[in-house]
Amino acid sequence: GAGSVAVLQMELERAWAAMGRVLHAQLLLGHNVVLSPKTLVFYITHTMALHDGRTKYLLRVPHAAFHPQFATTYSLDSTIPREPTACHSHRLPLEHVAAEAKLPAEVVSDALREAFLYIGEAVFQGRLVMLELESVGTVLLKRDRMTVHFTDAFLDELYAIDTRKWPQLAKDAGERVRPRPLRDPRELRPTSARASSASRPVSARPASAA
């Protein structure tokens, strides 16, 4: 009935919000993680800010991509990033998400699996899907396009951790090559795709409305 649907929606919202917070912590630790088995992967690469002849000063750069099986199942265009074979991602620690959400691990696992089934079907049907990931950023997805916006705060945290022991010369070089977020929100959110992350962590609109 309507009551059980409301409970399921509430559980999904709690699980999804907790997932974002745990993802944030895992990425700050430099871990490559998949949110639910064979779905959306977040991983870290490195770019060199400076090599002074003795030391290489490396900055971490976050990325998002889909597991090849998810991409094949839902007919994502070849332009949508796939998880690199050398990524070696591990599943987001379910026990951490469950503790953060204050829900049983089985409930969290089921909620996230259902969410990604919905995401895959929505994209397959040609809809525009927006995924809000608390403390990390937003993914905007259509079958033929994917835009990832990492928040300023998250990128600043990564940069601060990476450079905290660097000499000033390396920090100056790092400022020139560090990852930057999208500055124009129109690049990320067409008007038709706007949704409240508090009430709808995953939203979908027909692609024709974008």
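Student: In which loop does S135 lie?

Tutor: Happy to start there: this is a predicted model, where local features need pLDDT of at least 70, side-chain atom pairs count only at pLDDT 80 or more, and totals for chains, interfaces and linings use all residues. Residues are numbered from 1 along each chain as its sequence is written, and side-chain values use heavy atoms, leaving out hydrogens and water. Helices (H or I, at least four residues) and strands (E, at least two) are DSSP runs numbered from the N terminus. On that basis, S135 lies in the loop between β5 (127-133) and β6 (137-142).

Student: Is S135 buried, partly exposed or exposed?

Tutor: Buried means under 20% relative accessible area and exposed over 50%, with partly exposed in between, using a 1.4 Å probe and protein chains only. The relative accessibility of S135 is 35%, so S135 counts as partly exposed.

Student: What is the phi of K102, roughly?

Tutor: K102 sits in the loop between α3 and α4, and its relative accessible area of 68% makes it exposed. Most residues other than glycine have a negative phi. K102 is not a glycine, yet its phi is positive, at about 60 degrees.

Student: How do α3 and α4 lie relative to each other: roughly parallel, roughly antiparallel, roughly perpendicular or oblique?

Tutor: Axes are lines fitted to C-alpha atoms, for helices over the stretch in contact, and angles run from 0 to 180 degrees between N-to-C directions. Helix α3 (residues 94-101) and helix α4 (residues 105-124) pack with axes 9 Å apart, at an angle of about 100 degrees. Under 35 degrees counts as roughly parallel, over 145 as roughly antiparallel, 65 to 115 as roughly perpendicular and the rest as oblique. Therefore α3 and α4 are roughly perpendicular.

Student: How many nonpolar residues take part in the contact of α3 with α4?

Tutor: Contact means heavy atoms within 4.5 Å, and L94, V97 and A98 of α3 meet A105, V108 and S109 of α4. Ala, Val, Leu, Ile, Met, Phe, Trp, Tyr, Cys and Pro count as nonpolar, Asp, Glu, Lys and Arg as charged, and the others, Gly among them, as polar. The contact has no charged residues, one polar, and a nonpolar group of five.

Student: Is Q26 buried or exposed?

Tutor: Q26 belongs to helix α1. Beyond its neighbours within four places in sequence, Q26 is in contact with H31, V33, H90, L92, P93 and H96. Its relative accessibility is 7%, so Q26 counts as buried.

Student: And is L29 buried or exposed?

Tutor: L29 is in the loop between α1 and β1 (33-34). With 59% relative accessibility, L29 counts as exposed.

Student: Which residues does H67 contact beyond its neighbours within four places in sequence?

Tutor: H67 is placed in the loop between β3 (56-66) and α2 (68-73). Leaving those neighbours aside, the contacts of H67 are K38, T39, V41 and E83.
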